[in-house]
Amino acid sequence: MDSLTPMIDGFGVVLEPVNLLYCLIGVVVGMLVGVLPGLGPAATIAILLPITFGTEPVTAVIMLAGIFYGAQYGGTITSVLLRLPGEASSVVTVFDGHALARQGRAGTALGVAAIGSFAGGTLSIVALSLLAPVVAGFALDFGPPEYTALALLGILLVATVGNGGRLKAVIAACLGLLLATVGRDTFTGAERFTFDSLSLADGLDFVPIAMGVFGIGEILHNLEQRHTAAAAPATVANAWPSWADLRQSAGAMGRGSVLGFLLGILPGGGATLSSLAAYAVEKRRSRTPERFGRGAVEGVAAPETANNAASTSSFIPLLTLGIPANATMAMIFGALLIHGVQPGPELVSAEPELFWGVVNSMYIGNILLLIMSIPLVGLFVKILRVRAAILAPITVLITLVGVYTVRNSVFDIALVIVFGLLGYLMKKFGFEPGPLVLAFVLGSLLESSLRRSLLLFDGDPTGFLTRPISGTLLVVLVAVVAVPPLVSLLRRRRAQARPAEAEDTRV
Amino acid sequence: MSARPVERPGGGEDAAAATAPAEDASVPGPRPAAPAPAGALEGAGPAPGATDGPADPDEPAAAPMGPVANAAVALVVMALGGAGIAGSWSLGVGTPAEPSAGTWPLLISAAITVLGAALLPQLRSTRDTEVFSAASWRVVAALATMVAFVAVVGVIGFEIPSALLALVWLRFLGGESWRLSAIASVAIVAAFYVVFVGLLAVPIPHLF
């Protein structure tokens with residue numbers, strides 16, 4: 001019962017008008033961004049970070065969280081209407097969503113997606129409310145060795161989930177770790193990689209790096225890639241799904257919620273992986289798998305439910321362990337640090353208002369999402385017609401002016417441009433910027449935990465293995481590194497043996 | 001876990017759809033180059049956003065770079081690691097029992113060097129890169145406008161550089177008409193002035 005009171009008090013925080021307003025702004029902005037192909041939630045959060053500086057930390061996070069799950073839904077709209085996933089997590093929605101739209105049932109697809117998003121999000125929040133304090137309580141016993149193993153595992157999982165470019169992702173992560181060492185060493189006071197520059201003595205700031213590699217880098221990349229944009233259809237008819245559609249997709253939503261919740265907790269899992277997994281599960285379970293890809297309602301319900309459930313549950317490692325599970329969570333982590341809040345096991349007990357305020361805001365955010373999604377579809381279709389040529393300079397100027405306002409520093413504007421160029425080049429050369437930002441964020445935690453652990457163990461690195469939790473985590477870490485290459489080797493052998501099998505999109 | 005993950009190793013939710021399962025015919029290619037959706041939408045007319053610059057409107061998705069460029073990437077990564085090693089060495093290497101300021105950067109730099117070398121055997125099979133095209137000049141021009149912006153913003157305030165940046169992006173990078181570009185760039189600066197100077201009162205350098 002002890003945990004119930006702060007949980008209920010959290011609703012008091014959420015229901016403050018200013019927080020409701022920012023929740024609304026976040027969800028709307030998130031949906032808009034999801035609709036506009038190009039900028040993802042991590043980039044949007046990076047660009048909009050400066051405008052949260054004037055607010056309370058809880059208000060800021062409520063808005064940023066709203067952007068995150070709003071974008072998950074926004075991406076659906078372009079997937080269904082244009083066959084263009086606005087977000088990576090909406091890729092699978094394209095298969096059946098667009099097929100439904102071609103049959104004139106775009107409204108059904110969007111309605112099922114909205115209801116699924118709501119169901120997945122809400123079930124995931126309930127589970128989060130129950131589970132997060134338990135995880136946090138457990139993590140209170142963590143010492144530097146556990147944090148070393150955890151941070152290392154988090155970075156490595158984010159860098160290695162996926163098939164292509166794993167090596168480059170790990171290089172990007174190492175680069176992020178190296179960037180985190182710039183500035184004065186907290187242990188010895190020695191200046192590292194500052195090149196005698198006063199501006200670098202305090203280290204690189206998270207904001208220009210994130211705004212640069214995500215924001216400017218993405219814009220530069222789009223500038224080069226700009227091609228004929230897809231045209232938006234004029235109208236969307238019958239926006240609500242029928243009872244039959246809902247009955248048909250109910251099971252998919254239930255399974256999608258559970259799967260999304262579980263995969264969202266895993267570092268590197270997140271919304272994209274869970275949407276893909278949920279789709280695959282439905283297709284495999286179905287008695288009529290041939291309908292999938294041709295307009296199966298479950299094929300929209302499952303991934304959309306799962307990606308919202310996952311985006312909610314990925315707050316668990318962030319809020320309870322202080323380990324962000326993906327690039328977007330790294331942005332929210334950075335935002336919390338800027339506001340003077342250290343996410344971690346103590347957060348639940350030390351700042352119950354913030355913790356429960358953020359968690360409970362997700363209920364409200366999901367309701368807002370459900371209420372607004374269907375009536376606003378027409379508006380979103382119009383927004384799709386706004387030219388990228390007009391949006392690009394506005395976004396760039398927001399970034400350049402915004403980063404200045406963080407520390408009143410022209411040097412930071414220069415930094416954002418430098419990191420924008422870096423982000424662009426990374427994309428060109430096949431390096432994802434996500435692991436870099438995540439590793440940069442975790443870099444100082446990792447270094448200080450490692451050095452403290454080594455002092456603790458008197459320089460004996462086997463100490464990590466003899467402690468049960470850090471030892472287990474390190475075993476998992478080795479498995480993460482070793483298993484995927486083995487699996488892909490086995491798959492390649494099997495694919496060679498049975499080439500017909502390769503057509504499956506199974507997970 | 002995943003046999004064919006769509007998510008790029010970044011785990012970033014914004015990772016483009018570029019790694020969508022290639023076998024499935026219903027998946028669009030890399031987003032920016034995706035063709036207009038088949039069927040259903042033909043009647044919708046030409047895209048309003050069809051503002052391609054002079055460069056190749058029908059250029060296919062950017063092709064991957066060749067082995068030489070991949071080798072250059074690997075060498076740059078290794079050089080970076082090498083520079084990191086040299087820099088950390090001068091900071092003091094320390095010992096496991098008494099790590100010094102250079103210990104951790106040395107470990108990472110060494111890892112970068114090794115990982116860079118590990119890229120070398122894959123020179124021919126690497127497919128995740130994109131060649132620079134004729135359209136890459138836009139990126140250079142865009143960077144030049146930003147560099148000009150940061151060079152003068154502290155001296156003459158943000159209004160004139162912002163208007164000029166917007167004008168260049170709209171007219172030359174976006175291919176908008178002179179009229180729209182002029183009006184929009186003034187409107188953008190006016191809006192920024194109202195929001196940043198008027199409403200938020202942030203101390204951005206400004207003329208007026």
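Throughout these legends, "buried" means under 20% relative accessible area, "exposed" means over 50%, and "partly exposed" lies in between (1.4 Å probe, protein chains only). The structure is a predicted model, in which local features need pLDDT of at least 70 and side-chain atom pairs count only at pLDDT 80 or more, while totals for chains, interfaces and linings use all residues. Residues are numbered from 1 along each chain as its sequence is written, chains are lettered from A and ligands numbered from 1 in the order in which they are written, and side-chain values use heavy atoms, with hydrogens and water left out.

**View 1. A:Asp185 and its two arginine partners in chain A.**
Welcome to the salt bridges, each defined as a side-chain nitrogen of Lys or Arg within 4 Å of a carboxyl oxygen of Asp or Glu. Over all chains, the whole structure holds 15 of them. A:Asp185 pairs with A:Arg192 at an N to O distance of 4.0 Å. A:Arg192 counts as buried because its relative accessibility is 3%. A:Asp185 is buried too, since its relative accessible area is 2%. A:Asp185 also bridges to A:Arg451, where the closest N and O atoms are 3.0 Å apart. This second pair ties together distant parts of the chain: A:Asp185 sits in the loop between β1 (183-184) and β2, whereas A:Arg451 belongs to helix α21 (residues 433-456), 266 residues away. Helices (H or I, at least four residues) and strands (E, at least two) are DSSP runs, numbered from the N terminus. With a relative accessible area of 3%, A:Arg451 is likewise buried.

Returning to the bridges of View 1, shared partners join A:Asp185, A:Arg192, A:Glu447 and A:Arg451 into one network.

Most residues other than glycine have a negative phi. A:Asp196, though not a glycine, has a positive phi of about 55°. Look for A:Asp196 in the loop between β2 (191-192) and α9 (198-201) of chain A, where it is exposed because its relative accessible area is 76%. A:Asn408 also has a positive phi, near 50°. The loop that carries A:Asn408 runs between α19 (388-407) and α20 (410-428) of chain A. A:Asn408 counts as partly exposed, since its relative accessibility is 42%.

**View 2. A:Val91 in a loop of chain A.**
Where does A:Val91 lie? Its place is in the loop between α4 and α5 (93-102). A relative accessible area of 2% makes A:Val91 buried. Its C-alpha atom is separated by 7.1 Å from that of A:Ser79, which is 12 residues away along the chain.

**View 3. A negative surface patch on chain A.**
The patch consists of A:Asp9, A:Glu16, A:Glu56 and A:Glu353. Patches are made of residues with over 30% relative accessible area and no salt bridge, joining like charges within 9 Å, or nonpolar side chains (Val, Leu, Ile, Met, Phe, Trp, Tyr) within 5 Å. Lys and Arg count as positive and Asp and Glu as negative, leaving out His and the chain ends; each charge is placed at NZ of Lys, CZ of Arg, CG of Asp or CD of Glu. A:Glu56 belongs to the loop between α3 (41-48) and α4 (57-82), and it is exposed because its relative accessibility is 55%.

**View 4. A nonpolar surface patch on chain B.**
B:Val152, B:Val155, B:Ile156, B:Ile160, B:Leu164, B:Leu207 and B:Phe208 make a nonpolar patch of about 670 Å². Helices α3 (136-156) and α4 (159-173) of chain B are the elements that give two or more residues to this patch. The most comes from α3(B), with 3 residues. B:Ile156 is found in α3 of chain B and is partly exposed, as its relative accessible area is 33%. Accessible areas come from the Shrake-Rupley method with a 1.4 Å probe; for residues, only the protein chains shown count as cover.
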